[in-house]
Every structure is written in C-alpha cells, then in structure tokens.
Amino acid sequence: MIRDQPFIIPLVSDEIFDGFICYAKEDRCFALEILRRLEAPPYCRKICIDFRDYVPGNCRLDQTAKIIEHRCKHLVAILSSNFTNSSNAGFQVRIALNLSPDFVQRRVIPILYEGCDIPEILRPIYRLNYEDSNELPYFWKKLAIALGYNEPDRLRGSPG
C-alpha cells in the first residue's frame with residue numbers, strides 16, 4: 001500500500017442490487033425464502049441481505065444507509081407485527097422513502113407477510129399480500145417484476 005493513499009474499507013462489493021430485503025429478525029425465514037426464490041432461475045435477481053452482504057468492521061447503520069442509497073434499486077419490506085416493533089426495519093424504510101418521497105421511483109415494495117397494522121408511511125403504496133390465497137399464485141412473479149424481471153406476458157397467463 002502506498003503511504004499517501006488512504007485505505008478505504010468497502011461496505012459491500014461495487015455491484016448494484018435489484019433489491020434489499022428489509023425484515024425484522026423474527027421473520028428471517030421468510031427473508032431467506034425471498035432470497036432463495038428471487039436469486040434462482042427464472043428470476044435471477046441480485047438481492048442484498050444484511051447477514052450475507054455486509055462487511056464486518058463497519059458501522060451497521062452507516063452501512064445500511066449507504067447500501068440502500070447507492071447500491072440497491074428497491075427495498076422489499078416484509079410487513080408483520082414483528083416489523084412494526086422493529087426500529088431497525090423502520091429506519092431502513094425511512095431511508096428508502098426519503099430517496100423518493102413522491103413514490104415516483106417505486107423504491108419501496110411492501111409485502112404483507114402477516115396481518116398487522118400497516119405503518120402509516122407505507123399505507124399509500126400498493127403492496128403484495130402473501131396471506132391472500134387469490135394473490136399467492138402470482139406472488140413471486142409480481143415481486144420479481146417489481147424488482148426488474150421482464151416477463152409480464154407470462155404473469156398474465158399468456159403461453160410462453
């Protein structure tokens with residue numbers, strides 16, 4: 001290392017993620033299910049999740065803010081009673097919403113995972129409902145499309 005150049009600790013790799021999973025620690029199993037399904041074919045989305053993609057030694061809150069702001073196109077918020085009690089999850093959602101307060105960029109994609117009071121700040125945003133049996137057959141494709149997957153004809157049931 002050259003002495004005159006500062007050593008910069010990376011927060012994550014330079015890659016851009018399609019989505020960041022925002023969840024309460026009690027809902028980690030569902031966060032893992034989202035990660036598994038969306039990173040696999042046919043969707044092949046790049047997903048950021050804290051325990052795998054954060055670099056040790058950095059401030060967790062600072063790292064979260066920088067990743068959401070600079071490395072992730074969307075934030076997937078897993079809504080549940082656990083989420084409403086998690087200050088960390090609320091912090092992450094507020095960062096993403098501050099980046100697009102008029103909702104033009106569609107930065108936040110809420111998922112109602114478990115019946116709960118929807119935080120007021122997320123009420124105006126259309127959300128996916130994992131609990132709705134009518135919506136469940138379309139759930140994964142709709143989530144993938146919201147994250148940039150381009151196959152809308154198959155979502156509507158067209159042959160392909």
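Author: Leu79 has 0% relative accessibility, so this residue counts as buried. The cut-off for buried is under 20% relative accessible area. Keep in mind that the model is predicted.

Leu79 lies in strand β3. What touches Leu79, leaving aside its neighbours within four places in sequence? The contacts are Pro110, Ile111, Leu112, Tyr113, Glu114, Cys116, Ile118, Pro119, Leu122 and Arg127. Take Leu112 from that list. Leu112 is 33 residues from Leu79 along the chain, yet their C-alpha atoms are separated by 4.9 Å.

Now the strand as a whole. β3 covers residues 75-79. Five of its five residues are buried, so the rest of the structure largely encloses β3. In a regular strand, side chains alternate between the two faces of the sheet. Both faces of β3 are covered. Leu75, Ala77 and Leu79 are buried on one side. Val76 and Ile78 are buried on the other.

Next, the partners. Which strands are joined to β3 by bridges? One is β1, residues 19-22. Three bridges join β1 to β3, and the two run parallel. Here Ile21 stands opposite Val76. Another is β4, residues 108-112. Five bridges join β4 to β3, and this pair also runs parallel. Here Pro110 stands opposite Ala77. Pro110 is also among the contacts of Leu79.

To recap: Leu79 is buried, and it sits in a strand with both faces covered. Parallel pairings join that strand to β1 and to β4.

How values were computed. Residues are numbered from 1 along each chain as its sequence is written. This is a predicted model: local features need pLDDT of at least 70, side-chain atom pairs count only at pLDDT 80 or more; totals for chains, interfaces and linings use all residues. Side-chain values use heavy atoms; hydrogens and water are left out. Buried means under 20% relative accessible area, exposed over 50%, partly exposed in between (1.4 Å probe, protein chains only). Helices (H or I, at least four residues) and strands (E, at least two) are DSSP runs, numbered from the N terminus. Two strands pair if DSSP finds at least two bridges between them. Contact means heavy atoms within 4.5 Å.
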